[in-house]
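This briefing covers a protein–DNA model.

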2 protein chains.
Amino acid sequence: MKNPQPKTPVADSPAPCNGAALRKAGRRLSQLYDEILAPSGLLLSQHSILVHIDRAKMPTMGDLARDMVLDRSALSHNLKPLERDGLVTLAIDKDDRRSRRITLTAAGRRKLAETKALWAQAQQRFETAYGVQKAAGLRKLLGEIYTDDFSAAFSAAL
Amino acid sequence: MKNPQPKTPVADSPAPCNGAALRKAGRRLSQLYDEILAPSGLLLSQHSILVHIDRAKMPTMGDLARDMVLDRSALSHNLKPLERDGLVTLAIDKDDRRSRRITLTAAGRRKLAETKALWAQAQQRFETAYGVQKAAGLRKLLGEIYTDDFSAAFSAAL
DNA sequence: TGAATATACGTGCATATGCCAATATCTGTC
DNA sequence: GACAGATATTGGCATATGCACGTATATTCA
């Protein structure tokens, strides 16, 4: 043998950072989707917010923030442009005056409908280029990461 | 049969957005890594920049931006805090005065060394909670997304 | 060589994201 | 029913990210 290896090569050639890889892929894919969505005037991040609001039916800030794996204050900030442009509105919850119920305005629903076709095109392109099965597998792998269970497991891991 | 299905259920129950899933997972994982890195005063994004600079040996802005799948101007902005804190320096390239060569300062190398142990801990926790094989598989799937080939395939896809 | 073009950066602006602190409101308890 | 503690949200600040535009430098070509 020409090179006696240690028993634990663990420290050697460390695997690339999972976090960095996730961020790189996120930046790239956001750009690709954004380019397709551009005609709508919405970014992927904004379209995603509208979709989540539409699905959730008058969620509170907390509800939506949890659903989107987004910091409460980040969501608050992110809603500003959408509010300013008249796509969403906030209203104090009748049962808990601390909470705000978020709703799509008529313009918001129109914009969402208009953007859906563009989003579908981006999604379609991704699935075609990446592979439908691989995409499904990827979403599954990603979905596990943003469950609360995973955060708990991460924090508990030694 | 009680409910004759159309031949192409493609339009129904659209798959969750790949882009949104990627962003959610990215936010979560960044938070988890950031929490572990906190004692170093660096964010995952900043640590990642230092690591890439260290690996690349005096890259130009363009080199590093490409390597990190980051917009040139975004990298320019992101380097500001690191420059201000004396971790990196920019110098005009001798052979091409348009280019800037990025280097870690002594303080930058110290900070990187100091942070590596923390990063390794976060990485270790992730691999433990997620599974080493699954993590490797995920990185592979993510890596394909940020290749130039994939961008080309995405743009070419109908 | 000098003009047209291409390339490398930085700046300004807008959105995205998160932490911490303040404010408003609710809840449980004495 | 008042008060301590919990919860929902916003605002301020800092970093992250990208686009459009401007500046500096290099390259190409007539």
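A residue is buried if 20 or more other C-beta atoms lie within 10 Å of its own, exposed if 12 or fewer, and partly exposed in between, with C-beta atoms placed from the backbone. The model is predicted: local features need pLDDT of at least 70, side-chain atom pairs count only at pLDDT 80 or more, and totals for chains, interfaces and linings use all residues. Residues are numbered from 1 along each chain as its sequence is written, with chains lettered from A and ligands numbered from 1 in the order in which they are written.

**Strands of chain B**

- S1(B) and S2(B) run antiparallel and are joined by five bridges; two strands pair if DSSP finds at least two bridges between them.
- B:Leu90 has B:Ile102 of S2(B) as its bridge partner.

**Helix H4 of chain B**

- Helices (H or I, at least four residues) and strands (E, at least two) are DSSP runs, numbered from the N terminus.
- The end C-alpha atoms of H4 (residues 72-84) of chain B are 19 Å apart, which agrees with the 18 Å that its 13 residues should span at 1.5 Å a residue; the expected span is 1.5 Å times one less than the number of residues.
- B:Asn78, B:Leu79 and B:Leu82 of H4(B) are buried, and the cover over the buried residues of H4(B) includes helix H2 (44-56) and strand S1 (88-92) of chain B.
- After H4(B) comes B:Gly86, with a positive phi near 75°.

**DNA strands**

- A residue is near a strand if its C-beta atom, placed from the backbone, lies within 6 Å of it.
- DNA strand C is surrounded by 26 residues, the closest being A:Ser73, A:His77, B:Thr60, B:Gly62 and B:Ser73.
- H4(A) gives the largest share of the surface near DNA strand C, five residues.
- DNA strand D is also surrounded by 26 residues, the closest being A:Thr60, A:Gly62, A:Ser73, B:Ser73 and B:His77.
- H4(B) gives the most to the surface near DNA strand D, with five residues.

**Contact between chains A and B**

- The contact takes 47 residues from chain B and 47 residues from chain A, where two residues are in contact if their C-beta atoms, placed from the backbone, lie within 7 Å.
- H1(B) supplies the largest share of the side of chain B that touches chain A, 15 residues.
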